[in-house]
Amino acid sequence: MLDWHRGELSSRRVLALIKHLPRDSAVQRELHGEAADWSVTDHLLAATVDHLAVANWMFACVNTGEDGDTPEAPKPVPRPGNEDEDEGREGADRNGPNTPAGEGEGVSPHAIARFFG
């Protein structure tokens, strides 16, 4: 920053240097919070775990008797930046807007479409 103050480094060059800092830099953590620590691989691994959990849950639902209790739907792996969605989802109807109250426990149609998409 001293070079920029002295006029030896242009503002455009400083901006380019800041934009291309590594994902684990202090600036990135300050700007993006915990999301800066998650790489594409981490997001893919979390999605894989979620998909496997839903597949196992669906298998268990299909193979339980009609009189048996349906297993509880799996909860997704917490991801950075989704705290607001999780808080809003607790009090809301998780089954979607078209499902009457009290009917259909489990995963919403949107989540199933996202799983198969």
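Is Arg79 buried or exposed? Arg79 has a relative accessibility of 18%, under the 20% limit, so this residue counts as buried. Please keep in mind throughout that this is a predicted model.

1. Arg79 forms a salt bridge with Asp50, and the closest N and O atoms of the two are 2.7 Å apart. Asp50 sits in helix H4 (residues 40-62) and Arg79 in the loop between H4 and helix H5 (83-91), so the bridge ties together parts that are 29 residues apart in sequence. Asp50, too, counts as buried, at 13% relative accessibility.

2. **The exposed pair.** The structure holds 2 salt bridges. Besides the pair above, Glu72 and Lys75 meet through their side chains, at 3.3 Å from N to O. Here Glu72 is exposed, with a relative accessible area of 64%. Lys75 is exposed as well, at 59% relative accessibility.

3. **Overall make-up.** Read from the N terminus, the order of elements is α-α-α-α-α-α. Of the 117 residues in the protein chain, 15% are buried. Among contacts with a separation of 6 or more, 38% are between residues 24 or more positions apart. The protein chain exposes about 9500 Å², and carbon and sulfur atoms supply 56% of that area.

4. **Helix H4.** This helix has 23 residues and spans 33 Å from its first C-alpha to its last, close to the 33 Å expected at 1.5 Å a residue. Which residues of H4 are buried? They are Ala46, Asp50, Val54 and Trp57, so the Asp50 of the first point belongs to this group. The buried residues of H4 pack against helix H6 (109-116).

5. **Gln28 and its surroundings.** Gln28 lies in helix H3 (residues 26-32) and is buried, with a relative accessible area of 15%. What does Gln28 touch, leaving aside its neighbours within four places in sequence? Its contacts are Ile18, Lys19, Leu21, Pro22, Arg23, Gly33 and Ala36.

6. **A nonpolar patch.** Ile18, one of the contacts of Gln28, also takes part in a nonpolar surface patch of about 260 Å² together with Val27 and Leu31. Leu31 is in helix H3, and this residue counts as exposed, at 61% relative accessibility. Helix H3 therefore holds both the buried Gln28 and the exposed Leu31.

7. **Where to be careful.** The mean pLDDT of the protein chain is 77, and 77% of its residues reach 70 or more. Confidence is highest in H4, at a mean of 93, and lowest in H5, at 49. Over residues 88-104 the pLDDT is below 50, and beyond near neighbours in sequence this stretch has 11 contacts in the model. Where pLDDT is low, the predicted coordinates should not be read in detail.

Definitions and conventions. Residues numbered from 1 in each chain as written. Predicted model: local features only at pLDDT ≥ 70, side-chain atom pairs only at ≥ 80, totals over all residues. Heavy atoms only, no water. Salt bridge = Lys/Arg side-chain N within 4 Å of Asp/Glu carboxyl O. Helix = DSSP H or I, 4+ residues; strand = E, 2+ residues; numbered from the N terminus. Buried < 20%, exposed > 50% of the residue type's maximum accessible area, 1.4 Å probe, protein only. pLDDT = per-residue confidence, 0-100. Contact = heavy atoms within 4.5 Å. Patch = residues over 30% accessible without salt bridge, like charges linked within 9 Å, V, L, I, M, F, W, Y side chains within 5 Å. Areas by Shrake-Rupley, 256 points an atom, 1.4 Å probe, with all protein chains shown as cover. Expected span 1.5 Å × (residues − 1).
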